[in-house]
Amino acid sequence: MVPWLKTAELDAKRKGQPFRSQTARLEEALGLAAAIDLDLVGNAIAVISDPRPATLIGEGKVDELNGQLEELEVELVIVDGHLSPVQQRNLERAWKVKILDRTGLILEIFGERAHTREGALQVELAHLNYQKSRLVRSWTHLERQRGGFGFLGGPGETQIEADRRIIMERITKIERQLETVKRTRELHRKTRREVPYPVVALVGYTNAGKSTLFNRLTEAGVFAENLLFATLDPTMRAVSLPSGRKIILSDTVGFISDLPTHLVAAFRATLEEVLEAEVILHVRDASHEESEIQKHDVEAVLASLGLAGEKAEEPQRPIVEVLNKIDSLAPEAHDAVVNAAARDPLTVAVSALTGEGTATLLTLIDKLIVDKGITLRITILPNEGELMAWLHEHGQVRRRVNEEDGSIVLDVNLSEAEFGRLEKRYPELKGRVEAMMANAAE
């Protein structure tokens, strides 16, 4: 079988973005290629100070790489950058190979990893939006020449327009289907609000260890491997906190630098799960040399959702930084990260692999959710055992006093949603609860 790949890593300086080293960008590009089992036979770095409209890189570099490609009998070149349709077509003509840019490669990975119908629809939508401007590449055998009677553009142009109409019709159909998915997700969220269990969402750079941490906290057995975008479809599981209360932990798709806008738009229905979270856990790879830059990339996506930055819709929503993979650090670095995290109330150092720090993380989540609730003082009669059990299951009991007449007084913390459910389930408590709220306020 002919080897697939020759990778050209393009490190263009981007204004207003943190500097990312050439080595790190190359390693990430190679990791993306390896994520879909491509046979990597070589790589090269081209530093671009003046991007060329026709080929992105200069003619000299194009000729240099052409010789290497012929020698290695390469069939596919991956360019770790965004190529315009013209640049992609010109490079394919010059090198006589298939060209895939960063957006196309990520789409290929997502297409392979999407297992649910929703995920497949989102990937297809992103892929169609990406391809609709590149149709001319698929019809190079049909010349755009002047034809016979009545032809101005030739058969190639006619075929391209027909394909473009087909794609636009398919895009419209998928968007309607995704609207249905969005409504279904909203119904699920409404059901969860009524249960009600608070939602805690995991976000982070791809391969930061979100799924491994998810498995550690939930014992769910979600696929987790040392691969970029190892998991794609969102997963939710219930987790018990130290207080005995339960939360729903949501594992979302990983982010990456230069995440294609097609994907952000297509996966908005999935990413909106994060909007429902009471607490967001930003999982970071503490052992990665560019952890701070990866943090910037994740925050940029969160800002686009209105969850971070100056335009945040709900700035009061806590975002906890989870410094993962501390087991991979040298002892001195490990201690430094743990000590630094201990000084920040919204930072926790953990190892999802060994379990170190996960108890501290659950305790912090417990505190953040509890602090947003309502504290009630409830007198429970001797025959109200069911009410007692319900309060222990859905709230955090902070104080208990046994009265001489057999009744029990509980100080309980409930979220607003849980308080609403308490009123609905036990209407006979309405007068007492209101009086207790007044007492608590005093």
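Me: Why is glutamate 386 called exposed?

Reply: In this predicted model, local features need pLDDT of at least 70 and side-chain atom pairs count only at pLDDT 80 or more, while totals for chains, interfaces and linings use all residues. Residues are numbered from 1 along each chain as its sequence is written, and side-chain values use heavy atoms, with hydrogens and water left out. Exposed means over 50% relative accessible area, buried means under 20%, and partly exposed lies in between (1.4 Å probe, protein chains only). Glutamate 386 has 53% relative accessibility and therefore counts as exposed.

Me: Why is arginine 425 called partly exposed?

Reply: Its relative accessibility is 40%, and partly exposed is the class between buried and exposed. Arginine 425 therefore counts as partly exposed.

Me: What makes arginine 425 and glutamate 386 a salt bridge?

Reply: A salt bridge requires a side-chain nitrogen of Lys or Arg within 4 Å of a carboxyl oxygen of Asp or Glu. The closest N and O atoms of arginine 425 and glutamate 386 are 3.2 Å apart, and the pair forms a salt bridge. Arginine 425 lies in helix H14 (residues 416–425) and glutamate 386 in helix H13 (residues 385–394), so the pair ties together parts 39 residues apart in sequence. Helices (H or I, at least four residues) and strands (E, at least two) are DSSP runs, numbered from the N terminus.

Me: What makes arginine 284 and glutamate 321 a salt bridge, and are these residues buried or exposed?

Reply: Their closest N and O atoms are 2.8 Å apart, and they form a salt bridge. Arginine 284 lies in strand S8 and glutamate 321 in strand S9, so the pair ties together parts 37 residues apart in sequence. Both arginine 284 and glutamate 321 are buried.

Me: How do you know that lysine 61 and glutamate 64 are separated by about one helical turn?

Reply: They are 3 residues apart in helix H2 (residues 59–72), which means a separation of about one helical turn. Lysine 61 also forms a salt bridge with glutamate 64, the closest N and O atoms being 3.6 Å apart. Lysine 61 is partly exposed at 22% relative accessible area, and glutamate 64 is partly exposed at 42%.

Me: What is the order of the strands in the open sheet, and why do S6 and S10 stand at the edges?

Reply: The open sheet of 6 strands has the order S6-S7-S5-S8-S9-S10, with mixed pairing. Strand S6 (235–240) and strand S10 (347–349) each have a single partner strand, so one side of each is left without a neighbour in the sheet. Two strands pair if DSSP finds at least two bridges between them. S6 and strand S7 (residues 246–251) pair in the antiparallel sense over 6 bridges, and they therefore meet that requirement.
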